[in-house]
Amino acid sequence: MSLGVNQSHSPITPLLVNPATSFEHQVRADCGDAPAKVDHSPVELLSWPQPECSQCSFPVELAKARAEQAYWREMHQKAKEREAQHQEEIAQLRAKLRLREKQLFARKSERGHNSSELTTPEQAAHPQPRGQQPGSQGHGRRNYGHLPTQVEVIDLPEPELYCPFCGRPYVYSGSEDSETVEIEVKAYRRLYQRRRYQRTCTCDSWPRTVTAPAPPKLIPKGILGISVWVTILIDKFMFMRPTYRLLADLKTRGLDLALGTVTAGLQTLTPVFLPLYEALIAKNLSDNRWQADETRWQVFATLEGKIGYRWYLWVFRSPSTVVYKLDPHRSAQVPLAHFRPTAEGILVVDRYGAYKAMAKATRIVLAFCWAHVRRDFLAVANNWPQQQLWALAWVQDIGQLYHLNRLRLEVLQQPQSFAERDRQLRGALELLAQKREAELQEPSLHPARQKVLQSLQRHWPGLTVFVDHPEVPMDNNESERLERNPVIGRKNFYGSGSLWSGQLAAMLFSLFQTLSLWQLNPRLWLQAYLEACAQGQAPQNLSAFLPWSMSETQRQAFSLTPSPQDSS
């Protein structure tokens, strides 16, 4: 008996090919029934009851069809699962692609014209205008009264001093004054004429010729004066301009310096700043509140055991000092070597693992950065458009925490008001923690959400350190801003060409940023310090040059904003 099925087909070959026209007709013919036109579906055929005819082969074929139905149902389910998995992988790859494109081509700051894509519809409908806002207090016109004044008298031409009608002269009645700020930068030679005298007496115990002593030089036998070195050091290590560009600028002013002369001079001056650098480190360690960050820095020098030229520039900021350290590694040994196991205090950092490993070996408490948590949610909004509303809701919640903490700090010296605002902040944090736990319990939580929320859960103790310590900031943005200048230098002159130049860069970065922290003029300070470094030797007493130990009079003399004076 034949049912119209090729018996040589494999189990994966469909059995029911147009079964409504052949399968049922053949079965009924073999069982002695008259053929009839039917239009049953394959499911109906497979659900038929098994005939009782002992001569019929229909039970075998029906069992085979049912087996094949189960097989293809299982294959279909697996195909659906593979399709869902592939769609999830495609979504993740698209998210990574958007992230890489953002890292390569997007703005590095969250500020900018493109920020509207991460705003809510309410914010997009009422954007804040740029510039000074109506009703805000302006800074007023700047006062340049502290600058020296060069008076220029402008008079009328001689014929205009008389009346054109009667010829009688005008009488002087005062002046109408106006001012213009000018800058004059010029190079000049300072010629020392050391007067020589010869004795007229016959005293043999004294030299016949006496010459005035030579003025002390910063670099023995060097031709460049202190003002030149002040210009070079500030231009390179504070304003991050490559040396060859500065030399090209000086050449337009008539001063043509050789690059080798400048490089050799910088190497000679390196020991001069070492005692200052050590004093900065000691003062930094005497504090108990810090921020830290690190960035890469190229040092084009061969070091035994190190492959490549990538080094790292670490920054440690305390309330009184800023210290940069250059190291070939990015491991926990660098902050551990800086702080030492006996250090105690609070360190505000991002979530880099080196700080966590360091904290286990010291008594330092880590306070994690809320700005990095905020960036996590912004990354979800950027990379997963379907999760944007959820992520932006969390961003708004974090912004509310910043707002409540700012209100709390405004009344830090008012115990009653502070207690009320502190209670509001703690309540907002508790609600945020409950929201996090509730979302983590969702069975179908999106992987992007789960990753961010689990990270938030793990770092929650460090993220709430600022609550009990109001003096601790909610983020380490200040230390990240301190890395901006070195990053500009890294882009402009590619790092350091040797180990000594990298160490000099770290020392001067530390020095200039510490002076900026104390609002001191680096040009005035550096001029005075180098004048005290006779013959390339640092002064024995550094207290007059350390911002925290100098007198108020000295601090005012080096102030970045000197008080106006009568310069007329």
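1. Let me start with the charged pairs: a search of the whole structure, which is a predicted model, finds 20 salt bridges.

2. One to open on your screen is R253 with D249, whose side chains meet at 3.7 Å, N to O. R253 has a relative accessible area of 38% and is therefore partly exposed. D249, at 23% relative accessibility, is also classed as partly exposed.

3. Which residue forms a salt bridge with E344? The partner is R363, and the closest N and O atoms of the two are 2.7 Å apart. E344 is partly exposed at 46% relative accessibility, while R363 is exposed, with a relative accessible area of 56%.

4. R351 and D376 also join their side chains in a salt bridge, at 2.6 Å from N to O. Here too distant parts of the chain are linked: R351 sits in the loop between β6 and α9, D376 is in helix α10, and 25 residues separate them. D376 counts as partly exposed, at 21% relative accessibility.

5. Now for the strands behind point 3. Strand β6 covers residues 344-349 and strand β7 residues 363-368, and the two pair in the parallel sense over six bridges. Within this pairing, V349 stands opposite F368 in β7. Together with helix α9 (residues 353-360), β6 and β7 make a right-handed β-α-β unit.

6. On the surface, please have a look at Y144, L147 and V181. These residues form a nonpolar patch with about 250 Å² of accessible area together. V181 comes from the loop between α4 (121-125) and β1 (196-198). With a relative accessible area of 46%, V181 is partly exposed.

7. Most residues other than glycine have a negative phi. Y494, however, has a positive phi near 65°; Y494 lies in the loop between α17 (484-493) and α18 (499-517), and is exposed, with a relative accessible area of 56%. Q519 likewise has a positive phi, near 60°. Q519 is placed in the loop between α18 and α19 (522-532) and is partly exposed, with a relative accessible area of 47%.

8. How far apart in space are P385 and A95, which are 290 residues apart in sequence? The C-alpha to C-alpha distance is 8.9 Å. P385 belongs to the loop between α10 (370-383) and α11 (388-410), and at 47% relative accessibility P385 is partly exposed.

9. Finally, the cysteines. With a cut-off of 2.5 Å between sulfur atoms, the count comes to zero disulfides. For C163, the nearest cysteine sulfur is that of C166, 3.7 Å away, and C163 is in no disulfide. C163 is partly exposed, at 21% relative accessibility. C201 is in no disulfide either, with the nearest cysteine sulfur, that of C203, 3.8 Å away. C201 has 37% relative accessibility and so counts as partly exposed.

How values were computed. Residues are numbered from 1 along each chain as its sequence is written. This is a predicted model: local features need pLDDT of at least 70, side-chain atom pairs count only at pLDDT 80 or more; totals for chains, interfaces and linings use all residues. Side-chain values use heavy atoms; hydrogens and water are left out. Buried means under 20% relative accessible area, exposed over 50%, partly exposed in between (1.4 Å probe, protein chains only). Two strands pair if DSSP finds at least two bridges between them. Helices (H or I, at least four residues) and strands (E, at least two) are DSSP runs, numbered from the N terminus. A crossover is right-handed if, with the strands pointing away from the viewer, the path from the first strand over the helix to the second runs clockwise. Patches are made of residues with over 30% relative accessible area and no salt bridge: like charges are joined within 9 Å, nonpolar side chains (Val, Leu, Ile, Met, Phe, Trp, Tyr) within 5 Å. Accessible areas come from the Shrake-Rupley method with a 1.4 Å probe; for residues, only the protein chains shown count as cover. A salt bridge is a side-chain nitrogen of Lys or Arg within 4 Å of a carboxyl oxygen of Asp or Glu.
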